[in-house]
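The tour goes stop by stop.

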Amino acid sequence: MEVDGKRRDNVKLTTNEPICQPCSEGADNVTAVKFCSVCKEWLCVNCTNCHRRFKATRTHTLLDKDAISDTTTEHEQENITYHCAIHPTELIKYYCPKHGMLHCGDCAASKSCKMDKLSRIASSIRNNVEFVELQSNIVQLVKDANALESKVNTMIESAVEQGTSYLDQVARHEQLLIEKIKSHSESLKDDINIATSEAKYQLGSVIDTCADIRSVGEQLGHTFDGGVNDPEVFIAFVKAKPVFQSKYDELIEAGSQANVKQYRFKKCVDLETMLQTVKSFGTYEVEVKNAQSPDQPEIQLSNVQQHPEDTGC
């Protein structure tokens, strides 16, 4: 028995009144009322009842005549290149609107949900509000990633510049003190270098995240470029939504990480006390002030279709 996604050369759909194919083999031209998406055959009332009774065919998906698009051609069906994740050799041909999942003919035959044929529902995907909003959101995602990367680059430069400035202050202060405290100054330099390196490492990881998000966002955007048919665009749209959500969440998390501790160099004024303490040269401390967090990306998720938690598909 064949499933949707494979061809049967002896079965051809017609835009005229369909004839029951099992009956036609016995030279009886009986008007068909259903189409089996698994057997790829038109069925009359009697054959439909038998189809639903037999154990081998009772789980097959039977479509009404008006559910078969007259404008759908076999060539258009063969343009789909996405394969089913569960049945890798089968092409995706159905969409379950209840669960928002894509299926091949084998999957559709084993499910109780009402399935929509991609060739029938995908023709309007390019004008779908969610599709247009997702395209826009992906573009905005890439823009926000670029904006955050630029901002973090500036913060890195500032952190390095700040560290360099304080190192210069430490060096000048060191020249004013006696040789006895020189060892303490070296320890303080190490603290500053470590803090600067930690800031660079923390912000550098945000840069890597932005690059990854931008790359994924650009790839998602390319899947919607012209030159592909509507069913493939619809499939790309369904697949892009969870990827977009995941990368959007990563971008928000990256934004929260783009905030490093602020330091300032503080000299010890009392020279006598300085010479008698372990921290004789000075300290490098976290600056006590409420540092404003970097702006979060302005991208807003569209009201993308949410599906029930039920995973019946």
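Is cysteine 107 buried or exposed? Select it and colour by accessibility. Cysteine 107 counts as buried, because its relative accessibility is 2%, and the cut-off for buried is under 20%. Bear in mind throughout that this is a predicted model.

**Stop 1: around cysteine 107**

Show helix α4, residues 105–110; cysteine 107 has its place there. Now display the partners. Setting aside residues up to four places away in sequence, cysteine 107 touches Cys84, Ile86 and His87. Then pick lysine 93 and draw a C-alpha to C-alpha distance. It reads 9.9 Å to cysteine 107, for a sequence separation of 14 residues.

**Stop 2: the whole chain**

Zoom out and switch to cartoon. The protein chain has nine helices and eight strands. It has 313 residues, and 41% of them count as buried. The accessible area of the protein chain is about 18000 Å², with 49% of it belonging to carbon and sulfur atoms.

**Stop 3: the α6 and α8 pair**

Select residues 129–176 for helix α6 and residues 230–257 for helix α8. How do these two helices lie against each other? Two packed helices are described by the angle between their axes and the distance between the axes. Here the axes of α6 and α8 come within 10 Å and cross at roughly 30°. α6 and α8 are therefore roughly parallel to each other, since angles under 35 degrees count as such. The crossing of α6 and α8 is left-handed.

Show side chains at the contact. From α6, pick Glu130, Phe131, Leu134, Asn137, Ile138, Leu141, Asp144, Ala145 and Leu148. From α8, pick Val233, Phe237, Ala240, Lys241, Phe244, Lys247, Tyr248, Leu251, Ala254 and Gly255. Colour the set by residue class: 13 are nonpolar, two polar and four charged.

**Stop 4: isoleucine 235**

Stay on helix α8 and select isoleucine 235, which is found there. Isoleucine 235 is buried, because its relative accessible area is 0%. Which residues does isoleucine 235 contact, leaving aside neighbours within four places in sequence? Display Ile80, Tyr82, Ile92, Leu102 and Leu118. Next, draw a line to isoleucine 125. The two C-alpha atoms are separated by 9.7 Å, while the residues are 110 apart along the chain.

**Stop 5: lysine 34**

Jump to strand β1, residues 34–36, where lysine 34 is found. This lysine 34 is buried, because its relative accessible area is 16%, and the cut-off is under 20%. Select its contacts outside four places in sequence: Glu41, Trp42, Leu43, Thr48, Arg52, Leu62, Leu63 and Asp64. Aspartate 64 deserves a distance label.

**Stop 6: glutamate 287**

Last, find β8 at 283–286 and step into the segment after it, where glutamate 287 is found. Glutamate 287 counts as partly exposed, because its relative accessibility is 25%. Leave out residues up to four places away in sequence, and glutamate 287 touches Gln262, Tyr263 and Arg264. Finish with lysine 261. From C-alpha to C-alpha, lysine 261 and glutamate 287 are 7.8 Å apart in space, and they are 26 residues apart in sequence.

Terms used
Residues are numbered from 1 along each chain as its sequence is written. This is a predicted model: local features need pLDDT of at least 70, side-chain atom pairs count only at pLDDT 80 or more; totals for chains, interfaces and linings use all residues. Side-chain values use heavy atoms; hydrogens and water are left out. Helices (H or I, at least four residues) and strands (E, at least two) are DSSP runs, numbered from the N terminus. Buried means under 20% relative accessible area, exposed over 50%, partly exposed in between (1.4 Å probe, protein chains only). Accessible areas come from the Shrake-Rupley method with a 1.4 Å probe; for residues, only the protein chains shown count as cover. Axes are lines fitted to C-alpha atoms, for helices over the stretch in contact, and angles run from 0 to 180 degrees between N-to-C directions. Angles under 35 degrees count as roughly parallel, over 145 as roughly antiparallel, 65 to 115 as roughly perpendicular and the rest as oblique. A crossing is left-handed if the near helix is turned anticlockwise from the far one by less than a right angle, and right-handed if clockwise. Contact means heavy atoms within 4.5 Å. Ala, Val, Leu, Ile, Met, Phe, Trp, Tyr, Cys and Pro count as nonpolar, Asp, Glu, Lys and Arg as charged, and the others, Gly among them, as polar.
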